[in-house]
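The sequence and coordinates are shown first.

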Amino acid sequence: MTTLPLTHARFRILETIRIPIAVIGGAFFPAASMLFFVVPFAGDDPVGATFATASMVMFAVMTSCLFNYGVGVAEDRAQPWDPYTRTLPAGPAAAFAGRILSGMTFMTISLLPVVIIGWLFTAATVSWTGLLLAVGAVVLGALPFTFMGLAIGYALPMKAALAVAQIIFFPMAFGGGLLSAPGQAPGFVETIAPYLPTRGAVELVWAAVGKFDVDPKSMISLAVWTIVMAALAAWAFRRDEGARFN
């Protein structure tokens, strides 16, 4: 029974890597942002480069979650295979767990180029303890975007899911301060940032890799977003189940 999620994850991973551009595309934009914006302007500053790399990591995580889960789930729902797996004796849980595992795999693939570029081409630095803390921070920070992607994917058809994911990801990144150094975003961004999940997520990573005190408002907001998005994803899933089998 425990191998079923791994089987589903393996199927989804193999299905995706058969189209290499689907994998490359998810990693390209964050890596390109590192090369064009971080390396030239903050690459020689150890503190600035470290925080900027952390920001680009969360940018990659958010983009991967929104598109892998949002668009991926919506696309799968349109295929005959998805409703068939829900009728199997194992139920939908194994397929759902496999989807999460495959999504985490591609999320890791999307953020690795950012980390490698930061390591090779900037003065960014982090201790082993900070690196381990950053991994935990990334996992926590990914939760609201994972649930957000699942909610989009289960609630909308593929074309609508793609449009919504595209509309959401840049305002979330800019408004949360991912595209600027800590405390250096425009005034209106600094005002709204604590109330967006991107800010709470990136503050966790900033605190893990450097000297940064998280804003309690950002942490509360991150928790609220996670709970609300989880509830919305559960509602969208149940709604989709009901529409298929009632």
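## Conventions and burial

A residue is called buried when its relative accessible area is under 20%, exposed when it is over 50%, and partly exposed in between, with a 1.4 Å probe and protein chains only. At 4% relative accessibility, Tyr154 is therefore buried.

The model is predicted: local features need pLDDT of at least 70, side-chain atom pairs count only at pLDDT 80 or more, and totals for chains, interfaces and linings use all residues. Residues are numbered from 1 along each chain as its sequence is written, and side-chain values use heavy atoms, with hydrogens and water left out. Helices (H or I, at least four residues) are DSSP runs numbered from the N terminus.

## Aromatic pairs

Rings of Phe, Tyr and Trp (its six-membered ring) pair if their centres lie within 6.5 Å; planes under 30 degrees apart count as stacked, over 60 as edge-to-face and the rest as tilted. By this rule there are eight aromatic pairs. One of them joins Tyr154 and Phe237 in an edge-to-face arrangement, with 5.1 Å between the centres and 85 degrees between the planes. This pair links distant parts of the chain, since Tyr154 belongs to helix 6 (residues 128–155) and Phe237 to helix 10 (residues 216–245), 83 residues apart.

Phe174 and Phe188 form a tilted pair, 6.1 Å centre to centre and with 45 degrees between the planes. Here too distant parts of the chain are linked: Phe174 is in helix 7 (residues 158–175) and Phe188 in helix 8 (residues 187–192), 14 residues apart. Phe174 has 33% relative accessibility and is partly exposed, whereas Phe188, at 53%, is exposed.

## Packing of helix 6 and helix 9

Two packed helices are described by the angle between their axes and the distance between the axes. Axes are lines fitted to C-alpha atoms, for helices over the stretch in contact, and angles run from 0 to 180 degrees between N-to-C directions. The axes of helix 6 and helix 9 (residues 197–209) come within 7 Å and cross at roughly 170 degrees. Angles under 35 degrees count as roughly parallel, over 145 as roughly antiparallel, 65 to 115 as roughly perpendicular and the rest as oblique. Helix 6 and helix 9 are therefore roughly antiparallel to each other.

Contact means heavy atoms within 4.5 Å. On the helix 6 side, the residues involved include Gly130, Leu133, Ala137, Leu140, Pro144 and Met148; those from helix 9 include Pro197, Ala201, Leu204 and Val209. By class, the contact has 14 nonpolar, three polar and no charged residues, where Ala, Val, Leu, Ile, Met, Phe, Trp, Tyr, Cys and Pro count as nonpolar, Asp, Glu, Lys and Arg as charged, and the others, Gly among them, as polar.

## The nonpolar core

A nonpolar core is a set of buried Ala, Val, Leu, Ile, Met, Phe, Trp, Tyr and Cys residues joined through side-chain atoms within 4.5 Å. Of the 52 residues in the largest such core, Met58, Val61, Met62 and Val205 touch the most other members. At least two residues of this core come from each of helix 2, helix 3, helix 5 (92–121), helix 6, helix 7, helix 9 and helix 10. Helix 3 gives the most, with 16 residues.

Not counting residues up to four places away in sequence, Met58 touches Val138, Gly141, Phe145, Leu178, Ala201, Val202 and Val205.

## Further residues

Ala151 is found in helix 6 and is buried, at 6% relative accessibility. Beyond its neighbours within four places in sequence, Ala151 is in contact with Leu232, Ala233 and Ala236. The C-alpha atoms of Ala151 and Phe237 are 7.4 Å apart, although 86 residues separate them along the chain. Val139 also lies in helix 6 and is partly exposed, at 45% relative accessibility.

Val47 belongs to helix 3 (residues 46–77) and is exposed, with a relative accessible area of 52%. Val47 and Ala124 are 77 residues apart in sequence and 6.7 Å apart in space, C-alpha to C-alpha. Ala42 lies in helix 2 (residues 20–42); leaving aside neighbours within four places in sequence, Ala42 is in contact with Gly48 and Ala49.
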